Amino acid sequence: MMHEVEIRQVSVYEILDLRMSVLRDGTPSQNPRYPEDDDVDSLHLAALHNDMVVATSTWLPRPWLNEPSVPATQLRGMAVAKGLQSSGIGGVLLRAGIERAVQSGSRFVWARARDTAIRFYEKHGFVVVGDQFIDEATGVGHHLVLLDVTQR
Ligand SMILES: CC(C)(COP(=O)(O)OP(=O)(O)OC[C@H]1O[C@@H](n2cnc3c(N)ncnc32)[C@H](O)[C@@H]1OP(=O)(O)O)[C@@H](O)C(=O)NCCC(=O)NCCS
């Protein structure tokens, strides 16, 4: 069932607990912070249900590897609260973030996706690029995923 959610820009302090419980559960790193969290142009976008943060994502202006001179956005820290996964909330938040990236002039949106989440990104038009790598913070397999917003 789809829960009604509101998408809103929030401060990093409003999302750290959710990052911790979803993305740092049983992983080598217990640090939910990213170095870019406090950059002025980093956008923390959350989904709220009854004023509670139920999904989080962080969007940074950062070029895609193979096209360094083209404006692009990196998505980091995409997570939906455990009891609410697979109910469409992640998709709503992902689409809202992509829309903002497009508005800000990005041609590409890319992420380092956990292999377990790749289908989620593919459903929204991303393609997998390159070989698997193991992320240090989580110890799990990842691939780069890329959305060319002009190909949607
Ligand atoms: C991956 C995640 C952000 C997706 O958000 P969500 O709200 O659960 O996803 P939605 O309900 O919008 O979409 C679900 C679809 O994505 C796919 N999917 C891929 N990985 C999934 C996952 N780990 N959990 C749930 N759905 C997943 C499903 O196949 C589903 O497709 P279907 O509707 O055809 O069955 C969320 O499940 C999550 O936080 N997972 C754990 C943390 C994580 O892996 N984050 C991404 C790090 S790169």
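## A tour starting at the ligand

Start by selecting the ligand: of the 21 residues around it, Val-80, Ser-86, Gly-88, Gly-90 and Thr-116 come nearest (a residue is near a molecule if one of its heavy atoms lies within 4 Å of it). Before you click on, know that this is a predicted model, in which local features need pLDDT of at least 70, side-chain atom pairs count only at pLDDT 80 or more, and totals for chains, interfaces and linings use all residues. Residues are numbered from 1 along each chain as its sequence is written, and side-chain values use heavy atoms, with hydrogens and water left out.

**Stop 1: the ligand's oxygens.** Show the backbone of Gly-88, where a polar atom is 2.6 Å from an oxygen atom of the ligand. Now pick Gly-91: one of its polar backbone atoms is 2.8 Å from a ligand oxygen. At Val-80, a backbone N or O atom also lies 2.8 Å from an oxygen atom of the ligand.

**Stop 2: the shell.** The elements giving two or more residues to the shell around the ligand are helix H1 (16–23), strand E4 (72–80), helix H2 (89–103), strand E5 (108–114) and helix H3 (118–123). Which element gives the most to this shell? Select H3, which gives four residues.

**Stop 3: Thr-138.** Go to the loop between strand E6 (127–134) and strand E7 (141–148) to find Thr-138. Is Thr-138 buried or exposed? Its relative accessible area is 8%, so Thr-138 is buried (that means under 20% relative accessible area, with a 1.4 Å probe and protein chains only).

**Stop 4: Leu-146.** Follow strand E7 to Leu-146, which is buried at 13%. Draw a line from its C-alpha atom to that of Glu-122: they are 24 residues apart along the chain and separated by 9.2 Å.

**Last stop: Thr-27.** Look in the loop between H1 and strand E2 (43–49) for Thr-27, another buried residue, at 12%. The side chain of Thr-27 reaches the backbone oxygen of Ser-29 at 2.8 Å.

Conventions. A polar contact is a pair of N or O atoms within 3.5 Å; within protein, one must be able to donate a hydrogen and the other to accept it, and residues adjacent in sequence count only if both atoms are side-chain atoms. Buried means under 20% relative accessible area, exposed over 50%, partly exposed in between (1.4 Å probe, protein chains only).
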